[in-house]
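Me: I am new to this structure and would like to learn how to read it. Can we go through it feature by feature?

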Amino acid sequence: MKISKSPWLLHYDGSSCNGCDIEVLAATTPRFDVERFGIINTGNPRHADIFLCTGGVNSQNQDVVRQIYDQMPDPKVVLACGICACDGGIFKDCYNILGGTDTVIPVDVYVPGCAVRPEALIDGVVKALKILDEKAEKMKKGEYRSLTSDEYAEKLYGDPQEAVPEASASGDKEEKNAG
Amino acid sequence: MASKRSVIPFGPQHPVLPEPIHIDLITEDEKVVEAVPSIGFVHRGLEHLVTKKDFGEMVYVAERICGICSFGHGYGYVNAVEHIMGIEPTQRAKYIRTLLFELSRMHSHILWLGLMADAFGFESLFMETWKHRERVLDMLEWATGGRVIFSIMRLGGLRKDVPDEILKSFLPELDKIEEGIRACEKAFLSDPAVLSRLKGVGYLSKEDAISLGCEGPFLRASGVARDNRMRGYAAYKDVDFDIITSDDGDSYGRCYVRIQEIYQSASIIRQCIEKIPDEGIYVPIKGFPNGEYMTVIEQPRGGACYYVHASGKKFIERMRVRTPTFANIPALAKTLQGCDVADVPILVVTIDPCISCTER
């Protein structure tokens with residue numbers, strides 16, 4: 001596979017247990033070394049091409065995740081790292097977890113695992129590179145623009161006023177109020 | 001002329017932080033006059049899961065409180081429930097627990113050294129330390145099958161035994177890790193450029209460290225000899241070790257304490273491998289826990305409390321965890337007062353923040 005660009009990664013810890021986050025960092029260090037593909041971990045959303053989001057989304061950080069996603073320039077790819085980012089994982093029943101990353105932003109690649117192994121992560125990033133190229137090609141022809149998080153919410157939930165599901169949808173209501 | 005105050009937000013998404021914490025820095029020119037931390041980005045409501053997962057499954061949830069000190073969290077919960085049920089695990093299980101605990105501590109401290117190097121802008125040192133960390137993770141993988149989350153803990157003992165051949169193979173690995181860390185130590189503790197970023201930065205006096213309720217290496221770096229391992233849980237009463245302290249009280253002291261603790265952990269692991277008895281690893285459990293217990297153990301970041309309240313049912317009534325990062329945040333706010341804006345990332349990293357433990 002040819003790599004046409006040097007994509008930069010941005011990592012944000014949704015509400016993960018840290019396991020996936022250190023594996024994301026480990027993937028950039030000498031043993032696994034994603035830098036050989038020209039991939040660098042950046043801290044700035046405006047420089048990033050690939051967004052690695054770990055952990056489920058909760059009511060406090062959903063705005064942060066959406067904001068980071070909206071700040072990234074097109075073309076962009078979102079990777080859900082770890083089972084919690086895919087669908088909530090072991091914390092699915094927790095009262096403060098809304099669900100996986102795809103409850104608030106569109107996700108292109110799902111990488112399961114608890115915690116996700118760096119090898120799986122690199123595999124996911126390589127898949128993301130292909131998607132990134134395809135998106136860039138379509139953009140050149142003027143056929144593609146990625147959804148903003150608001151448009152995504154509208155597509156998913158209909159009315160933008162109720163864009164975000166209530167926290168109690170996944171937990172149980174009484175307990176949430178009591179807590 | 002009075003200088004103008006401005007507020008600089010730090011986090012939750014920040015290049016130096018693998019985890020989200022938000023701090024409002026109230027600054028006058030380049031000096032921070034006040035720091036207001038706010039947390040809550042990683043809150044999941046994990047403690048509440050005790051009402052949905054039974055007390056045996058809860059071990060695996062407890063391990064997922066945090067991915068770095070995962071083994072310790074599993075141990076804390078298991079220790080509390082075993083006390084309630086009156087189970088005494090076998091000596092071999094205790095030794096293997098101690099050994100894995102110390103391996104976790106090593107990987108956590110080496111990880112911290114890397115993050116610290118990243119915080120003061122020494123990228124190649126970050127890569128170097130994390131290269132040695134991979135060796136520790138290899139050992140954990142040989143022993144348990146997992147790299148960061150092990151799921152080897154179980155009420156009454158362990159899920160699987162670690163064979164003696166694997167334990168023996170740890171010895172040459174430990175030598176190699178120590179050799180690697182000694183090479184990195186030179187950069188951390190004697191490189192002039194690094195020293196200029198560490199010496200005297202974020203000083204915390206002994207009195208303040210005690211009155212603000214600090215924990216772990218952060219406390220010991222201010223000269224207070226307090227280490228919960230001395231309580232002698234698991235096999236710690238059978239191994240020989242001293243509390244490592246430093247009188248510096250600054251970022252340099254915190255580096256020193258953590259580096260020395262890596263060697264100390266290696267020494268404890270060697271003693272465990274030498275003394276480990278040959279017997280079973282699992283004591284069967286009967287019935288449901290009934291009662292309450294509170295236990296304190298020493299995590300890589302400091303003392304962590306686990307409280308379990310059970311009432312003889314399949315589901316535990318209440319589990320409560322109190323983590324060391326939470327105890328260290330007031331002291332962090334104190335050390336941030338009067339520091340330069342450029343030193344803020346270093347100071348945030350020196351407490352070794354583990355936000356996912358703190359917020360659960």
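Me: Which scores does the predictor give the complex?

Reply: The complex has an ipTM of 0.78 and a pTM of 0.86.

Me: How do I read confidence along a chain, and which elements of chain B have the lowest and the highest mean pLDDT?

Reply: The general idea comes first. Where pLDDT is low, the predicted coordinates should not be read in detail. Now the case here. Chain B averages a pLDDT of 86. In that chain, 99% of the residues score at least 70. Among its elements, helix α12 (residues 355-359) of chain B has the lowest mean, 82. Helix α9 (residues 251-275) of chain B has the highest, 90.

Me: Let us turn to chain A. How many helices and strands does the secondary structure of chain A have?

Reply: Chain A has 6 helices and 7 strands. Read from the N terminus, its elements run β-α-β-β-β-α-β-α-β-β-α-α-α. Chain A has 179 residues, and 49% of them are buried. Take the contacts in chain A with a separation of 6 or more: 79% of these join residues 24 or more positions apart.

Me: How do I read a sheet, and what is the order of the strands in the open sheet of chain A?

Reply: Strands of a sheet pair through backbone hydrogen bonds, either parallel or antiparallel. In chain A, 5 strands form an open sheet in the order β2-β1-β3-β5-β7, with parallel pairing.

Me: Why is one side of β2 and of β7 of chain A left without a neighbour in the sheet?

Reply: Both strands stand at the edges of the sheet in chain A. Each of β2 and β7 has a single partner strand, so one side of each has no neighbour in the sheet. From one strand to the next, the twist averages 30°.

Me: What can I look at to see one pairing, that of β1 and β2 of chain A?

Reply: Strand β1 (residues 8-13) of chain A pairs with β2(A) in the parallel sense, over 3 bridges. Look for L10(A): it stands opposite T42(A) in β2(A).

Me: Which strands of chain A does α1(A) touch as it packs on the sheet?

Reply: Helix α1(A) touches β1, β3 (50-54) and β5 of chain A. Its direction makes about 145° with that of β3(A). Another helix, α4(A), lies across β3, β5 and β7 of chain A. It runs at about 160° to β5(A).

Me: How do I describe two packed helices?

Reply: Two packed helices are described by the angle between their axes and the distance between the axes. For a case, go to chain B. Helix α2 (residues 70-85) of chain B and helix α3 (residues 91-119) of chain B have axes that come within 8 Å and cross at roughly 145°.

Me: Which residues of α2(B) and α3(B) meet?

Reply: From α2(B) come F71(B), G72(B) and Y75(B). They meet R97(B), L100(B), F101(B) and S104(B) in α3(B). By class, the residues of this contact are 4 nonpolar, 2 polar and 1 charged.

Me: Now the two chains together. How many residues does each of chain A and chain B bring to the contact?

Reply: The contact takes 34 residues from chain B and 34 residues from chain A. On the side of chain B, helix α4 (residues 123-144) of chain B gives the most, with 4 residues. That side of chain B has 18 nonpolar, 9 polar and 7 charged residues.

Me: What span does α4(B) reach from its first C-alpha to its last?

Reply: Helix α4(B) has 22 residues and reaches 31 Å. That is close to the 32 Å expected at 1.5 Å a residue. G145(B) follows the helix, and its phi is positive, near 100°.

Me: Which residue other than glycine has a positive phi near 55°?

Reply: That is D33(A). It sits in the loop between α1 (19-27) and β2 (40-42) of chain A.

Me: Is D33(A) buried or partly exposed?

Reply: D33(A) counts as partly exposed, because it has 14 C-beta neighbours inside 10 Å. Compare A234(B), which also is not a glycine and has a positive phi of about 45°. A234(B) lies in the loop between α8 (216-220) and α9 of chain B. A234(B) is buried, with 24 other C-beta atoms within 10 Å.

Conventions. Residues are numbered from 1 along each chain as its sequence is written. Chains are lettered from A and ligands numbered from 1 in the order in which they are written. This is a predicted model: local features need pLDDT of at least 70, side-chain atom pairs count only at pLDDT 80 or more; totals for chains, interfaces and linings use all residues. pLDDT is the predictor's confidence in each residue, from 0 to 100. Helices (H or I, at least four residues) and strands (E, at least two) are DSSP runs, numbered from the N terminus. A residue is buried if 20 or more other C-beta atoms lie within 10 Å of its own, exposed if 12 or fewer, and partly exposed in between; C-beta atoms are placed from the backbone. Two residues are in contact if their C-beta atoms, placed from the backbone, lie within 7 Å. Ala, Val, Leu, Ile, Met, Phe, Trp, Tyr, Cys and Pro count as nonpolar, Asp, Glu, Lys and Arg as charged, and the others, Gly among them, as polar. Axes are lines fitted to C-alpha atoms, for helices over the stretch in contact, and angles run from 0 to 180 degrees between N-to-C directions. Two strands pair if DSSP finds at least two bridges between them. The expected span of a helix is 1.5 Å times one less than its number of residues.
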